[in-house]
Every structure is written in C-alpha cells, then in structure tokens.
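Subject: Structure handover

Hello,

Here is the structure for your set-up work. My notes on it follow below.

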Amino acid sequence: MQKLRDGWAWLQSKLIDYVTKLFAQVLRQGPVPDHVAFIPDGNRRFARLTHITRGDAWMKGASAFPGAKVLGNAGCQRPEEEVESIMKLFEDFVPQLCIAGSIVYEYDIRVNVFGRPEMFPESVQRDLRRLQEVTRHHKSVIFNLCMPYTSRDEITRAVECCAVQSLAQDHDDPPVTEKDIDLQLMTTVAECPPVDVLIRTSGVRRLSDFLLWQGCKDTQIHFVPTLWPVVGLLDWVPTILDYQRKVWNRRSTLTNTDSP
C-alpha cells in the first residue's frame with residue numbers, strides 16, 4: 001500500500017510539473033506584463049489552518065516566492081513574536097542573496113528596497129543595503145521589496161520633495177504638477193515601468209495602502225483566493241491570460257480607430 005501511495009505521489013508531481021511547463025510555454029506566446037506587483041497575503045491564516053507558528057508560515061511564504069509588499073508600516077506593530085520571526089527571516093535570507101551564484105546573480109536581478117527600512121534593526125538594514133549595492137548594476141530584472149511601506153507615506157514624501165524644490169525656485173508661487181509628484185515616487189526614481197498587474201492573494205479584496213498612485217490608471221487588479229504560502233504558477237495563469245486578452249483587445253481597438 002505504501003508503494004502505491006508513493007507511486008501515486010510521484011505521478012502527481014510529474015503531471016503537475018508537465019502541466020506547469022506547458023502553461024508557461026503557452027503564456028510566453030502572448031504579451032507578458034513588464035511590472036507585476038504582489039500583496040502576499042494569507043500567511044497568518046495559513047498558520048492557523050495548518051497549526052504552525054506565524055514565523056514558519058512566513059518562512060514558507062518566502063520559499064514560495066518573495067513578495068513585493070512584504071510589510072507595511074503598521075506591520076511593525078504586529079505581535080512581537082511575529083515581528084521577530086520576520087526579522088529572523090530577513091537575517092537568514094538576505095545575506096544568502098548577496099553571495100555570488102545566488103538567484104539574483106543567476107537571473108541578473110536588481111533589488112530595490114522601498115519604504116522605511118530605518119524602522120528595522122541595524123543588522124537587517126545593513127544586509128538590505130548590501131543587497132542593493134551588489135545588485136545595482138544588474139539589468140535583466142528589477143525586484144522591489146516594499147518594507148515597511150505605505151502608499152500614503154510614499155506620496156507624502158514625494159509631495160514634500162516637490163514643495164522643497166518649488167520653494168527653491170526664483171519665481172513666485174511656482175506650481176507643483178502631477179508630473180512633478182510622479183517623478184519623486186520611489187518607483188519612478190528607481191526607473192521601474194508602470195504597474196501592469198497588481199495581485200493580492202488570500203481572497204481579501206482591498207489594496208491595503210499599496211501603490212495607490214501607481215495603480216490608478218491602466219493597472220489590472222486581481223484578487224487570488226489561494227493563501228500566499230501555497231501559491232504556484234497555476235494560480236497566476238488566469239490572471240496572465242486575462243491580462244493578455246485585455247492587451248489584445250486594447251490593441252485591436254486602437255487598430256480599428258486608426259483605420260481609415
């Protein structure tokens with residue numbers, strides 16, 4: 001009986017691997033979003049459902065796929081045990097990324113940290129600065145870690161920069177425009193493309209103060225029911241297919257509009 005179970009588990013893993021590769025090939029045939037943002041939600045619920053600690057749930061979530069909005073400013077007010085687990089995760093995980101041969105070197109990934117990292121312990125701040133430094137010349141992929149981050153804080157800081165620059169100009173009452181604010185946003189300063197798709201896992205349907213400025217125009221917002229620690233490629237397939245469909249429809253509309 002045990003051999004039968006092992007054989008069935010092996011067959012399932014092979015089928016999942018085959019289907020995953022097949023879907024990946026299919027998705028590559030259409031337009032792929034340049035900038036995808038994630039709100040990796042559901043770690044604590046996963047901990048409750050599986051009877052593990054919140055720290056272990058965060059660890060599993062990190063191994064599933066590193067998220068974009070890791071922690072908001074209010075996240076630092078979570079229970080002390082949970083915050084310590086998250087900090088321990090960073091202390092273990094970030095230095096490994098700085099080592100030659102890690103995934104950021106293999107895929108030429110540049111890492112940016114947005115938000116208020118000064119709220120973290122000095123050891124974590126040091127590791128994050130090191131990670132940004134060793135990847136700053138990488139160009140193939142940009143990976144943004146937003147932590148601790150809120151969109152309102154980002155917009156406020158951008159407006160403050162604009163006000164300082166405006167007051168420094170010679171003429172009276174210099175205007176502050178939407179473009180001025182946009183140029184001061186962390187994503188713009190880091191030369192990130194516009195957000196094409198914003199995904200939140202766990203089924204919760206809110207943005208939680210994340211990329212509110214960047215996600216207010218053509219961004220497609222999707223809410224995925226799967227909890228973050230157990231997401232996989234198959235969870236993203238409907239989202240990417242919907243993105244491709246809308247891009248094709250938009251191109252078709254523009255083509256028809258331009259036709260004589």
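The chain exposes about 15,800 Å². Carbon and sulfur atoms supply 56% of that area. Accessible areas come from the Shrake-Rupley method with a 1.4 Å probe, and for residues only the protein chains shown count as cover.

Some ground rules. This is a predicted model, where local features need pLDDT of at least 70 and side-chain atom pairs count only at pLDDT 80 or more, while totals for chains, interfaces and linings use all residues. Residues are numbered from 1 along each chain as its sequence is written, and side-chain values use heavy atoms, with hydrogens and water left out.

Overall make-up

The chain has 10 helices and five strands. Both are DSSP runs, numbered from the N terminus: helices are H or I with at least four residues, strands are E with at least two. Of the 260 residues, 41% count as buried. Buried means under 20% relative accessible area, exposed means over 50%, and partly exposed lies in between (1.4 Å probe, protein chains only). Take the contacts in the chain with a separation of 6 or more: residues 24 or more positions apart account for 75% of them. A contact means heavy atoms within 4.5 Å.

The sheet

Three strands form an open sheet, in the order β1-β4-β5, with parallel pairing. Strands pair if DSSP finds at least two bridges between them. The edges are β1 (36-39) and β5 (220-223). Each has a single partner strand, so one side of each is left without a neighbour in the sheet. Neighbouring strands here are turned by 15° against each other on average, direction ignored. That value rests on axes, which are lines fitted to C-alpha atoms (for helices, over the stretch in contact); angles run from 0 to 180 degrees between N-to-C directions. β1 pairs with β4 (residues 197-200) over four bridges, in the parallel sense. Val-36 has Val-197 in β4 as its bridge partner.

Backbone points to check by eye

Met-147 and Pro-148 are joined by a cis peptide bond, with omega at about -25°. Pro-148 sits in the loop between β3 (141-146) and α7 (151-167).

Two non-glycine residues with positive phi are also listed here. For His-51, phi is near 60°. His-51 belongs to the loop between α2 (43-50) and α3 (54-64). It is exposed, with a relative accessible area of 71%. For Asp-108, phi is about 55°. Asp-108 is in the loop between α5 (103-106) and β2 (109-114). At 25% relative accessibility, Asp-108 is partly exposed.

A buried helix residue

Ile-181 is in helix α8 (residues 178-184). Its relative accessible area is 13%, so it counts as buried. What does Ile-181 contact, leaving aside its neighbours within four places in sequence? The list is Ala-158, Val-159, Cys-162, Val-176 and Trp-213. Ile-181 and Val-159 are 22 residues apart in sequence, and their C-alpha atoms are 5.9 Å apart.

Salt bridges

The structure holds 11 salt bridges. The criterion is a side-chain nitrogen of Lys or Arg within 4 Å of a carboxyl oxygen of Asp or Glu.

- Asp-153 with Arg-116, at 3.0 Å. Asp-153 lies in helix α7 and Arg-116 in the loop between β2 and α6 (122-135), so the pair ties together parts that are 37 residues apart in sequence. Asp-153 is buried at 16% relative accessible area. Arg-116 is partly exposed at 26%.
- Glu-133 with Arg-136, at 2.8 Å. Glu-133 is partly exposed at 42% relative accessibility. Arg-136 is partly exposed at 46%.
- Arg-152 with Asp-209, at 2.7 Å. Arg-152 lies in helix α7 and Asp-209 in the loop between β4 and β5, so this pair ties together parts that are 57 residues apart in sequence. Arg-152 is exposed, with 60% relative accessible area. Asp-209, at 13%, is buried.

Which residues do salt bridges with shared partners join into one network? They are Arg-116, Glu-118, Asp-153 and Arg-157.

Best wishes
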